[in-house]
Amino acid sequence: MKQANRIPYVSRVFGTVLALLTALSFGTNAQITQLTDYVMFSGNGGAGSTDPGSAGYGVIFGGGVTIIGGNIGSYRLVQSGNGALLNTNIYSGGKVVLGGGNSVSGRMTAQNLYPAPATGTILSAGTNATLSGVMDVGGNVVVSSGTVSGPVHTTGTYSGPTPTNGVTNAVSYPTLPVYPDAIVFPAAGATNITNTQTISPGNYGNVSFGNNKTLTFNGPGIYVFNSIYSG
């Protein structure tokens, strides 16, 4: 009788632990992120920002970059050049575009919400990609070549190396942080600085220094410059 009584108890404990682990897993997928979680993050315009032109808002970096830890995020676009080593998560509210030879060990999400939902490829990676983490994409995924461990979750189609852990349509995205409005500073002044000098808080023009020049800031406050150049 004692043996028979123990089996349901163990089963209930195991079921409780399994349910808890399942809940934690779903909680991880739907996490709420903060700005402090990111090593780089781009907003989507707003008060005090300057329109970047045709390139659009986003985190865009060149080739050969190494980023270890934290998250990279953007409301619109995360784009890399060739040969990037990214031991980080990538969370985009729009698209993700990776150059050739990129290695990404973290999770990648591309929600396809900003600036508006689009058709076509929402996450792309160039040749010889090594993608190890989970991918959640609101649209089509194209990986030119390489290895994809996955799993890949997409509401569209998948084209590329067969993911080790398969392809499903069960997408889940983190909540991106609220991006604060840019701080609007006072306009620059007209006084240019070319020689060693001590200045107090105020508005100045251009600072242009050659060798062996020193600019000393006399106390805390707001110093506004049009440009600073040291040649």
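1. Basis. The model is predicted: local features need pLDDT of at least 70, side-chain atom pairs count only at pLDDT 80 or more, and totals for chains, interfaces and linings use all residues. Residues are numbered from 1 along each chain as its sequence is written, and side-chain values use heavy atoms, with hydrogens and water left out.

2. The sheet. Six strands form an open sheet with parallel pairing, in the order β2-β4-β6-β9-β12-β15. Strands here are DSSP runs of E of at least two residues, numbered from the N terminus, and two strands pair if DSSP finds at least two bridges between them. At the edges stand β2 (59–61) and β15 (158–159), each of which pairs on one side only.

3. Strand β6 and its partners. Strand β4 (residues 77–80) is joined to β6 by three bridges in the parallel sense, and Leu 77 stands opposite Lys 95 in β6. Three bridges also join β6 to β9, again parallel; here Val 96 stands opposite Leu 123 in β9.

4. The faces of β6. In a regular strand the side chains alternate between the two faces of the sheet. Strand β6 (residues 95–98) has Val 96 and Leu 98 on a covered face, and Lys 95 and Val 97 on an uncovered one.

5. Strands β9 and β12. Strand β9 (residues 121–125) runs parallel to β12 (residues 140–143), and four bridges join them. Ser 124 stands opposite Val 142 in β12.

6. The cores. A nonpolar core is a set of buried Ala, Val, Leu, Ile, Met, Phe, Trp, Tyr and Cys residues joined through side-chain atoms within 4.5 Å; buried means under 20% relative accessible area, with a 1.4 Å probe and protein chains only. The largest such core has 24 residues, of which Ile 72, Leu 86, Ile 90, Leu 98, Met 108 and Leu 131 touch the most other members. Strand β9 supplies the largest share of this core, three residues. Apart from it lies another core of seven residues, including Ile 193, Ile 199, Tyr 204 and Phe 209.

7. Thr 109. This residue is found in strand β8 (residues 108–110). Thr 109 counts as buried because its relative accessibility is 0%. Leaving aside neighbours within four places in sequence, Thr 109 is in contact (heavy atoms within 4.5 Å) with Ile 90, Tyr 91, Ser 92, Val 96, Asp 136, Ser 172, Tyr 173 and Pro 174.

8. Ile 90. Not counting residues up to four places away in sequence, Ile 90 touches Thr 109 as well as Ile 72, Val 78, Val 96, Leu 98, Val 104, Arg 107 and Met 108.

Technical notes: Buried < 20%, exposed > 50% of the residue type's maximum accessible area, 1.4 Å probe, protein only.
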